[in-house]
Amino acid sequence: MLRLPKNNLNLPEESFRLQIKDLAEETRIKFARKGLSDIFDILSEAAFLIRKPLDTDELSGFSTYFEEQFIVYLNSNFTLGHERYTGAHELYHLIYNADILKKEKIFLDDEKHKAEDMKANVFASEFLMPEDYVKEVFYKIVNVDKGSILPRHIVRMHNYFKVSYKAMLKRLIQLDLCSINKYEELVDICSLENMEQLQSLTKREGYSIELIIPSKETYVPTEYIEFVKSNYERGNISYKNMKNSLEFVGLTPEQFGYEYPLEEDY
């Protein structure tokens, strides 16, 4: 039987996890007081949220600070479950790395910020999958021995918490609700090669497959469109810049009644 050390899953030391858990709970309570619980709603409150597919799988998302505004960009070319996790990761940077963002303008996943990125990953897990509630739901809808977990049990859990199959599996192992020795067997179904198998199982369990496919969502706040339009009308940007800015979110100048100005060199 394969025996995989927990460290191979990049799971944090328990004392470190518990420190970050406290931060995640404080943040969750802070936004709950405003009636916000969904990660996309929370990001929209905390920053200028942009969701858009990129032609790369090298970048899940990033945070930046531009013109005294925090901006979060999420690549919706990843699965929705992955995108939500990335959103929670970026939320940590917004709240606990605000000074770095203001100073350096952009927070990319690089060697320089490796320690903070590690905290952000732990935060995302603690924020989206609260320990006590995961245990409560587990005993309510799964309730089997940790050595008897099956893929269908992971499917039920990850759909409940709206995260990816793999993130849920690692969380259950971390909380000792699933045996580490089951990891290789259970993770296989969420590989690209077995995508259809996981989709079939998800449907059989009665769930939508939206969490395990890319949403391809393009979303920008209304303020973005108004910002582009008003800057064009005030002469701050050219027609070409306005056109490019609108096309970035799948819109055209013609949709807003703008026509190509004859006097502009375009």
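Predicted model: local features only at pLDDT ≥ 70, side-chain atom pairs only at ≥ 80, totals over all residues.
Trainee: Where do I start if I want to find empty space in a structure?

Mentor: Rolling a probe the size of a water molecule over the atoms shows where empty space is left. Here, the largest pocket comes out with a volume of about 1600 Å³.

Trainee: Which residues are the closest to the centre of the largest pocket?

Mentor: Look for His82, Tyr85, Ser164, Lys166 and Lys170; the lining has 46 residues, and these sit closest to the centre.

Trainee: And which elements supply at least two residues of that lining?

Mentor: Four helices to pick out: α3 (80-96), α5 (114-128), α8 (165-174) and α10 (195-204). The largest share is from α5, with seven residues.

Trainee: What does the lining of the largest pocket look like by class?

Mentor: You'll find 21 nonpolar, 15 polar and 10 charged residues there.

Trainee: OK, how about the second largest pocket?

Mentor: That one holds about 440 Å³ of space. Its lining has 17 residues, and Phe48, Phe66, Ile71, Tyr224 and Phe227 are the closest to the centre.

Trainee: Which elements give two or more residues to the lining of the second largest pocket?

Mentor: Strands and helices both turn up: β1 (48-52) and β3 (69-75), plus α11 (222-233) and α12 (239-247). Of the elements, α11 gives the most, five residues.

Trainee: How many nonpolar, polar and charged residues are in the lining of the second largest pocket?

Mentor: The tally for the second largest pocket is 11 nonpolar, four polar and two charged.

Methods:
Residues numbered from 1 in each chain as written. Heavy atoms only, no water. 1 Å grid on protein atoms, 1.4 Å probe; cavity = no way out; pocket = protein on both sides within 12 Å on 5 of 7 lines; lining within 4 Å. Points joined across faces, edges and corners; volume = space filled by probe spheres on them. Nonpolar A, V, L, I, M, F, W, Y, C, P; charged D, E, K, R; others polar.
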